[in-house]
Amino acid sequence: MTAIAKTLVSEEFYLEEERKALNKSEYYKGEVFAMAGATKAHNRIVASIITAIGQFLKGKNCHYYPSDLRVHNSDNTLYTYPDVTIVCGKEEYLDNELDTLLNPTVIIEVLSPSTENYDRGTKFKLYRSIPSLKNYILVSSTEYAAEVFTRKDNDEWLLNTTKEKNGHIHISAINYDLLLSDIYAQAGDLIPES
């Protein structure tokens with residue numbers, strides 16, 4: 001058996017190339033990972049979440065961003081593009097390009113069959129060391145289901161889930177109950193009934 005050599009790149013090289021790239025890639029410990037496209041259901045769910053949260057955050061000291069805003073965790077070198085990012089208070093960026101956020105308050109990922117294990121496991125582990133992160137939310141794109149992980153004062157994470165079509169998840173960092181009917185407002189016809 002012959003091993004295939006990996007070419008590792010520096011964070012600086014990644015950022016320089018990423019800022020010129022037509023397609024997005026994530027970065028972790030020298031490796032660059034191309035991001036796959038999203039399904040119709042995934043995109044509709046993200047749009048619905050942004051619509052609901054956007055209405056709620058009007059006039060508040062929090063801002064929301066879609067997946068074009070890169071998030072960086074300097075603790076472990078991760079650069080990633082969450083589906084939805086909320087930041088409350090003063091926004092901190094890596095540099096004057098203002099395209100790489102350092103202090104997300106809430107991260108929302110819409111799960112797909114190909115990314116679900118990564119989003120639940122390694123990615124969540126990497127996100128947990130971001131000190132500003134208060135809620136990590138996972139939303140299914142194949143069934144009515146959402147999970148919210150909430151950071152407690154002792155740095156433990158509490159999980160709340162709902163699979164009720166008329167249920168909600170509480171986003172404590174912004175004190176908002178996000179209804180599943182709002183999450184799936186544009187994608188309900190694409191989600192099979194349980």
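I will begin with how the model should be read, then take the chain as a whole, and then turn to single residues.

What you see is a predicted model, in which local features need a pLDDT of at least 70 and side-chain atom pairs count only at pLDDT 80 or more, while totals for chains, interfaces and linings use all residues. Residues are numbered from 1 along each chain as its sequence is written, and side-chain values use heavy atoms, with hydrogens and water left out.

On confidence, pLDDT is the predictor's own confidence in each residue, on a scale from 0 to 100. The protein chain averages a pLDDT of 93, and 96% of the residues score at least 70. Over residues 1-5, however, the pLDDT is below 50, and this stretch has zero contacts in the model beyond near neighbours in sequence, where contact means heavy atoms within 4.5 Å.

Now the chain as a whole. Its secondary structure comes to five helices and 13 strands; these are DSSP runs numbered from the N terminus, with helices being H or I of at least four residues and strands being E of at least two. The C-alpha atoms fill a box of roughly 50 × 45 × 35 Å, taken along the principal axes. How does the radius of gyration agree with that of a compact globule? For 194 residues such a globule would have a value near 16 Å, and the protein chain has 17 Å, which agrees; the radius is taken over C-alpha atoms, and the globule rule is 2.2 Å times the number of residues to the power 0.38.

Of the 194 residues, 44% count as buried, a term that means under 20% relative accessible area, whereas exposed means over 50% and partly exposed lies in between, with a 1.4 Å probe and protein chains only. Among contacts with a separation of 6 or more, residues 24 or more positions apart account for 53%.

Ile183 counts as buried because its relative accessibility is 0%. Leaving aside neighbours within four places in sequence, Ile183 is in contact with Ile45, Ser48, Ile49, Val139, Ala146 and Leu178. The C-alpha atoms of Ile183 and Ala146 are separated by 9.1 Å, although the two residues are 37 residues apart along the chain.

Some loop residues give another view. Gly37 lies in the loop between β2 (31-34) and α2 (40-57), and it is exposed, with a relative accessible area of 77%. From Gly37 to Ile50 there are 13 residues in sequence and 19 Å in space, C-alpha to C-alpha. Ser114, placed in the loop between β8 (106-111) and α3 (116-120), is exposed too, at 69% relative accessibility. Ser114 and Ala36 are 78 residues apart in sequence, yet 9.3 Å apart in space, C-alpha to C-alpha.

Within strand β2 we find Glu31, which is partly exposed because its relative accessible area is 25%. Glu31 and Glu92 are 61 residues apart along the chain, and their C-alpha atoms are separated by 24 Å.

Finally, a word on backbone angles. Most residues other than glycine have a negative phi. Asp155, though not a glycine, has a positive phi of about 70°; it lies in the loop between β10 (146-151) and β11 (157-162) and counts as partly exposed at 49% relative accessibility. Asn175 also has a positive phi, near 50°, and its place is in the loop between β12 (168-171) and β13 (176-179). With a relative accessible area of 55%, Asn175 is exposed.
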